Amino acid sequence: MKTIQKFPGLHIDDSFLMSIAGTVFIGIGLFCLASGKLTTLSCNRDQANQNSCHLASKGLFDFQQSPVQPIKLHSAQLEDNPMNKDAARVLLSTNRGYLHFTSSTSDDKAKATVAHINNFIKEDQTNSMILQNDKRGIDLHFGCYSNAVGLGTYVIVRKSRLSASVTKIKILFLNQKPN
């Protein structure tokens with residue numbers, strides 16, 4: 001095994017550094033898998049022409065979805081995304097204040113979503129509406145890729161340690177003097 005000696009007296013094994021890298025990749029992968037969400041806005045109109053909506057988010061590791069209290073939807077509007085000039089967020093005005101429906105999406109898609117929600121609020125003919133914002137795809141792919149790289153480094157470290165141990169055993173037995 002190679003040893004990196006940048007500081008006198010400090011010996012760091014390559015397999016140790018590879019293990020740290022594998023742990024970092026697995027941590028990033030798990031974070032990505034946990035951060036992808038499916039947000040659903042479902043609204044129904046009752047006999048008094050009042051809308052009652054539910055806004056729920058569900059991720060990959062959300063096994064049980066807690067019951068969500070209904071909200072009354074007043075309007076939807078666009079909010080600029082400070083991280084990306086070409087993207088926007090959909091902001092819902094409700095009886096509980098402002099809630100984000102999308103974290104970031106293309107400007108055209110966000111405008112169409114806002115128009116659809118506002119049309120539902122204004123028009124009396126539509127009895128229900130269900131909109132979904134699915135952000136699990138890219139997070140799932142990147143998370144799986146990152147976990148695969150992390151696990152791959154652990155396999156490489158394990159094999160290199162095993163081959164180094166076998167080599168040490170061979171040297172020990174071949175260099176041993178007969179009694």
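Asn-133 is placed in strand S9, where strands (E, at least two residues) and helices (H or I, at least four) are DSSP runs numbered from the N terminus. The structure is a predicted model, in which local features need pLDDT of at least 70, side-chain atom pairs count only at pLDDT 80 or more, and totals for chains, interfaces and linings use all residues. Residues are numbered from 1 along each chain as its sequence is written, and side-chain values use heavy atoms, with hydrogens and water left out.

**Overall composition**

- The secondary structure of the protein chain amounts to three helices and nine strands.
- Read from the N terminus, the elements follow the order β-β-α-β-β-β-β-β-β-α-β-α.
- The protein chain has 179 residues, of which 28% count as buried; buried means under 20% relative accessible area, exposed over 50%, and partly exposed in between (1.4 Å probe, protein chains only).
- Accessible areas come from the Shrake-Rupley method with a 1.4 Å probe, and for residues only the protein chains shown count as cover.
- Among contacts between residues at least 6 apart in sequence, 50% join residues at least 24 apart, a contact being heavy atoms within 4.5 Å.

- Three strands form an open sheet in the order S4-S3-S9, with antiparallel pairing; two strands pair if DSSP finds at least two bridges between them.
- Strand S4 (51–59) and strand S9 (128–134) are the edge strands, each pairing on one side only.
- From one strand to the next, the twist averages 10°. Axes are lines fitted to C-alpha atoms, for helices over the stretch in contact, and angles run from 0 to 180 degrees between N-to-C directions.
- Strand S3 (residues 37–45) runs antiparallel to S9, and seven bridges join the two. Thr-40 has Gln-132 in S9 as its bridge partner.
- Helix H2 (residues 107–122) lies across S3, S4 and S9, and runs at about 160° to S9.

- Asn-133 is buried, because its relative accessible area is 5%.
- Leaving out residues up to four places away in sequence, Asn-133 touches Lys-37, Leu-38, Thr-39, Phe-101, Thr-102 and Ser-103.
- Leu-41 belongs to strand S3 and counts as buried because its relative accessibility is 0%.
- Beyond its neighbours within four places in sequence, Leu-41 is in contact with Cys-53, His-54, Leu-55, Leu-73, Leu-92, Phe-101, Ile-117, Met-129, Ile-130 and Leu-131.
- The C-alpha atoms of Leu-41 and His-54 are separated by 5.7 Å, with the two residues 13 apart along the chain.

**Strand S6 and its partners**

- Strand S6 (residues 87–94) is largely enclosed by the rest of the structure, because seven of its eight residues are buried.
- Strand S5 (residues 73–80) pairs with S6 in the antiparallel sense over seven bridges, and Gln-77 stands opposite Leu-91 in S6. A hairpin of six connecting residues joins S5 to S6.
- Strand S7 (residues 97–100) pairs with S6 in the antiparallel sense over four bridges, and Leu-92 stands opposite Leu-99 in S7. S6 and S7 form a hairpin with two residues between them.
- Strand S8 (residues 105–106) is joined to S6 by two bridges and runs antiparallel to S6; here Ala-87 stands opposite Ser-106 in S8.

**The nonpolar surface patch**

- Phe-16, Leu-17, Ile-20, Val-24, Ile-28, Phe-142 and Tyr-145 make a nonpolar surface patch of about 670 Å².
- Patches are made of residues with over 30% relative accessible area and no salt bridge; like charges are joined within 9 Å, and nonpolar side chains (Val, Leu, Ile, Met, Phe, Trp, Tyr) within 5 Å. A salt bridge is a side-chain nitrogen of Lys or Arg within 4 Å of a carboxyl oxygen of Asp or Glu.
- Helix H1 (14–35) and helix H3 (137–174) each supply at least two residues of the patch, and the largest share, five residues, comes from H1.
- Ile-20 lies in helix H1 and counts as partly exposed because its relative accessibility is 39%.
- Ile-20 and Gly-150 are 130 residues apart along the chain, and their C-alpha atoms are separated by 9.3 Å.
- Ile-28 is also found in helix H1 and counts as partly exposed because its relative accessibility is 37%.
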